[in-house]
Amino acid sequence: MNDRAAPASARAKPGMDAGDEEDLVARLRAGDAAASEALVRSNIAYLLKVAQPILRDRALAEDAVQEAFISAFRNIESFEGRSSIRSWLRRITINMALMKLRSMRRRDERSIDDLLPDFDQNQCRIEAPWTRIATPEEIVEDADTRAWVRARIEELPENYRVVLIMRDYDDMTTREVAELLEISEQAVRVRLHRARSALKKLIEPLLRGEEP
Amino acid sequence: MTSSYWEQLRGLLKGMMFKHMPYMISCVEFEDFISSYFEGSLPRAQLRIFELHLKICKECREYLRAYEETIAVGKIVFNDPDAPLPDDVPEDLVKAILDARTK
């Protein structure tokens, strides 16, 4: 499994430098139980946070993370150190979560079509006038509102939600998302745009400074 | 005459302008450029056309601003440290992983 460059902040354990990480990897390769435990403990919460929004289910997220660690232990020899080990684990976890999604029967989801922008017969946008737009800081000030927005993200259909999370929130490139999902880069762009548009419509009351 | 009449007329004129004037695109075509615009991958010629539409079309301008805010809100919320997932280590899961490791 390929690993890519990542910032030091994403190392196996925040604050760990490259030398510590090399040492950890060497110990993992030697089958050191304490190193395995350290790797699991320092990354498990982070990886659950990666898997949960993709799968929308805590138990499934735990399964994906467990399988990701097992895969990582088995494939530690292929870790080349071109990225941080945390980035490498994150990539494996996303892969595992996506495999789970593919194997699951899709839950009833709303259609994205109802959430896309509207145009008139002249191909002009229909957009209610904006008297004000709340700033992101105003919107996210309150914890309940943040939870409400998170719930709206989780409401997006799977194909779109996954792209939005990986591309916008996990800062992966279009190419990386395309490779992981085995779709074209153009398909990633289309899904990403639809996901953002749909989310805009869902959170529009907040953006307009109204109660959701 | 009602405001709805004027709105329809305005829409018609705007639609005709986008359709017939050089370097103009409709709002539907503008929509197709948005993702590449934010990615920074629009070729220069298309970028000019995109920006020209943006200057002329108030609806697309407002839409794009709200769209941009949506991206920002999503990023903040998604990386929210108060998110419901606990940061504490689930011991049963740690044990299951380490047990599986030794098998």
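Tutor: One definition before the domains: domain bounds come from an automatic or database domain assignment. Also keep in mind that this is a predicted model.

Student: Fine. Which domains does the assignment give for chain A?
Tutor: Domain 1 covers 8–103 and domain 2 covers 112–207.

Student: How far apart are the C-alpha centres of domain 1 and domain 2 of chain A?
Tutor: Those centres are 28 Å apart.

Student: And how many residues of the two domains of chain A are in contact?
Tutor: Seven residues of domain 1 touch eight residues of domain 2. On the domain 1 side, the elements that give two or more residues are α2 and α4 (85–103) of chain A. α4(A) gives the most, with four residues. By type, that side of domain 1 has five nonpolar residues, one polar and one charged.

Student: Back up a bit. What helices and strands does chain A have?
Tutor: Chain A has ten helices and two strands. In sequence order the pattern is α-α-α-α-β-β-α-α-α-α-α-α.

Student: How much of chain A is buried?
Tutor: Buried residues are 37% of its 212 residues. As for sequence separation, among the chain A contacts with a separation of 6 or more, 71% are between residues 24 or more positions apart.

Student: Last topic, α7(A) and α9(A). At what angle do they pack?
Tutor: About 95°, with their axes 8 Å apart. Angles of 65 to 115 degrees count as roughly perpendicular, so α7(A) and α9(A) are roughly perpendicular to each other.

Student: Which residues meet there?
Tutor: From α7(A), they include A:Asn159, A:Tyr160, A:Val163 and A:Leu164. From α9(A), they include A:Val188, A:Leu192, A:Ala195 and A:Ala198. Arginines take part from both helices, among them A:Arg161 and A:Arg167 in α7(A) and A:Arg191 in α9(A). The residues of this contact divide into seven nonpolar, one polar and five charged.

Key: Residues numbered from 1 in each chain as written. Chains lettered and ligands numbered in written order. Predicted model: local features only at pLDDT ≥ 70, side-chain atom pairs only at ≥ 80, totals over all residues. Nonpolar A, V, L, I, M, F, W, Y, C, P; charged D, E, K, R; others polar. Axes fitted to C-alpha atoms, helices over the stretch in contact; angles between N-to-C directions. Parallel < 35°, antiparallel > 145°, perpendicular 65-115°, else oblique. Buried ≥ 20, exposed ≤ 12 C-beta atoms within 10 Å, placed from the backbone.
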